[in-house]
Amino acid sequence: MGAESGIPHSAPLTFRRVRDLKERVIGWALFSCAALSTLITLGIVGVLVTESFAFFRQVSIVDFLTDRQWTPMFQDPHFGIMPLAAGSFLIAIGAALIALPLGLMTAIFLSEYAGDRLRGVLKPMLEILAGIPTVVYGYFALTFITPLLRVVWPETDVFNALSASIVVGIMIIPTVSSLSEDALRAVPLALRAGAYGLGATKLEVSTKVVVPAALSGIIASFILGISRAIGETMAVTIAAGSLAQLTMNPLESVQTMTAYIVSASLGDTPRGTISYQSLFAVGMTLFIITFMMNILSQWVLARFREEYQ
Amino acid sequence: MATTHDIDTDGQDPALEARAVSVFYGDKQAVKEIDLVIPANKVVALIGPSGCGKSTLLRCFNRMNDLVAGARVEGEINFHGTNLYQDDVDPVEVRRRIGMVFQKPNPFPKSIYNNLAFGPKVNGFKGDLDGLVEESLKQAALWDEVHDRLSDSAYALSGGQQQRLCIARTLAVKPEIVLMDEPASALDPIATQRIEELIFELKKQYTIVIVTHNMQQAARISDYTAFLYMGELVEYGPTDLLFTNPSEERTEAYVTGRFG
Ligand SMILES: Nc1ncnc2c1ncn2[C@@H]1O[C@H](COP(=O)(O)OP(=O)(O)O)[C@@H](O)[C@H]1O
Ligand SMILES: [Mg+2]
């Protein structure tokens, strides 16, 4: 045995302290890495909070939440988050209408219908979809989808929410489908066998047994997908435009919270000015929304966890 | 060659008739040219050591092997004069008419009521569903324990209750034949006894084919017993005969506990 594992039989024992020291150094190195990323996160939140505080010393939270205009550059500036929030939600809702059904159907197909070979081809393709830089999606929307929309509805703005919704929807299909598929595949085969044994068809087994059994995972994938849609930046900045207006018409241009942050950061907004600070207030709002959605999805997963037997 | 003793079908047509049934998993043959007549309204036990092909053979009777990747079935199984493996036979209908209860209780993560209602609903049942649920639970001797909590999750039931729920769920589809694959192997002795009593009741209305590796159980509940060994049918006949006076050496060795 000793010879096989490379230690000569007659070798003296290694001193334990040397090994302990090595283990300790590695432990500390790993800890520092973990600590560093935590500190960076805390630092970002810290900056967000301090700059937002500076902002809210000048603009009351009530104004921020109830003013219906967002015009930081005007002579008489208004800082109502509503147009930006509405822009974000308009696009997120549109994207959800596309991505949730398509993502779920893709997941059902991959988990219940596709054979191993087909799944082996389709899954990498979906991952490629997830790996395309979001700028590319933005230009795809602007140069391909928008012209198509304008054929159908000529009054469509060049920059419009619908086009952005469609590409963001396509972008988040992989998020929804891969998480939903994991949930579907976690449903035990015995449940499927039980349903088949009662004379159910494949469609009935999939939709009436497997999907309900995986519901918490599916809902969590929906919430994460929507959260990604709200946080999505480049594609919406390019496709939806930068006109902060409170509208529910998807053919018009809107500005999302993320798009505002991009456009304001690109222009030179001097430090310490109110428009500079407004960036952080919007960022903070965005952070709170996506953070809460992530918590919600964790909660759904934990609360409705399927305890299969 | 297998010894098959006289199978008394009481002048009725047999419920199922397997002819030269073989099952392959890839290249491996798990069931070897088995002929087996299942008489109607009787309990037939399939016994034999683990891995001898009992479950595989059982799954042939309602085409569950269709769902097992790599499984291939040869031969015929006649059911009311039709070969179940004929091209134009719909396996979904086969499974509705020939139900199955599995080794481990596998209730759906739904309410007790919805576990029962699932089968009838997917089969287009249009009658009194509440009545059917009650009737099926009564047949499975579970009604008294659950009638006041039908909307509770099936997972709240004990293992033995879950298995009776699965039996009730199968009965709710009104099959002619019920296949059971070691239905009590995951249960404690008391729950096992209840299942056995239940099988005794059910054979008045149904034909039952039950896999068991428990010989006492086979002796207690079955009318006929088939002994399988390494994919082959060794001996098939009335249970009493098989346990007291088997013709085959291997059967005797197995039922007296000398191997397996
Ligand atoms: N899905 C499968 N794929 C490949 N081989 C299988 C599969 N199921 C069973 N087998 C093999 O077929 C033989 C019979 O198995 P099975 O019918 O489960 O036996 P039993 O129920 O009598 O224990 C065993 O050798 C087993 O390993
Ligand atoms: Mg088995």
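## A walk through chains A and B

B:Asp223 lies in the loop between helix H8 (215-221) and E10 of chain B. Helices here are DSSP runs of H or I with at least four residues, strands are E runs of at least two, and both are numbered from the N terminus. This is a predicted model, in which local features need pLDDT of at least 70, side-chain atom pairs count only at pLDDT 80 or more, and totals for chains, interfaces and linings use all residues. Residues are numbered from 1 along each chain as its sequence is written, chains are lettered from A and ligands numbered from 1 in the order in which they are written, and side-chain values use heavy atoms, with hydrogens and water left out.

Stay with B:Asp223. With a relative accessible area of 24%, B:Asp223 is partly exposed. Buried means under 20% relative accessible area, exposed means over 50%, and partly exposed is in between, for a 1.4 Å probe and protein chains only. Leaving aside neighbours within four places in sequence, B:Asp223 is in contact with B:Lys42, B:Val43, B:Lys203, B:Pro238 and B:Thr239. Contact means heavy atoms within 4.5 Å. B:Phe200 is 23 residues from B:Asp223 in sequence, and their C-alpha atoms are 10 Å apart.

Next comes helix H7 (residues 189-202) of chain B, which holds B:Glu201. At 45% relative accessibility, B:Glu201 is partly exposed. The C-alpha atoms of B:Glu201 and B:Ile34 are separated by 29 Å, and the two residues are 167 residues apart along the chain.

Now look at a pair of helices. Helix H3 (residues 112-122) of chain B packs against helix H4 (residues 129-139) of chain B at an angle of about 115°, with their axes 10 Å apart. Because of that angle, H3(B) is roughly perpendicular to H4(B). Angles of 65 to 115 degrees count as roughly perpendicular, under 35 as roughly parallel, over 145 as roughly antiparallel and the rest as oblique. The axes are lines fitted to C-alpha atoms, for helices over the stretch in contact, and angles run from 0 to 180 degrees between N-to-C directions. From H3(B), the contact uses B:Tyr113, B:Leu116, B:Ala117, B:Pro120 and B:Lys121. From H4(B), it uses B:Leu129, B:Asp130, B:Leu132, B:Val133, B:Ser136 and B:Leu137. These residues divide into eight nonpolar, one polar and two charged. Ala, Val, Leu, Ile, Met, Phe, Trp, Tyr, Cys and Pro count as nonpolar, Asp, Glu, Lys and Arg as charged, and the others, Gly among them, as polar.

Two loop residues of chain B have a positive phi. B:Arg63 is not a glycine, yet its phi is near 60°. B:Arg63 sits in the loop between helix H1 (54-60) and strand E5 (71-79) of chain B. This residue is buried, at 12% relative accessible area. B:Met230 is not a glycine either, and its phi is about 50°. B:Met230 is in the loop between strand E10 (224-229) and strand E11 (232-238) of chain B. At 55% relative accessibility, B:Met230 is exposed.

What about the cysteines? The structure holds zero disulfides over all chains. A disulfide is a pair of cysteine sulfur atoms within 2.5 Å. The sulfur of B:Cys60 is 13 Å from the closest cysteine sulfur, in B:Cys52, so the two are too far apart for a bond. B:Cys60 is buried, at 0% relative accessibility. A:Cys33 is exposed, at 54%.

Finish in chain A. A:Ser206 is in helix H8 (residues 202-213) of chain A. At 1% relative accessibility, A:Ser206 is buried. Not counting residues up to four places away in sequence, A:Ser206 touches A:Ile108, A:Glu112, A:Tyr113 and A:Val211.
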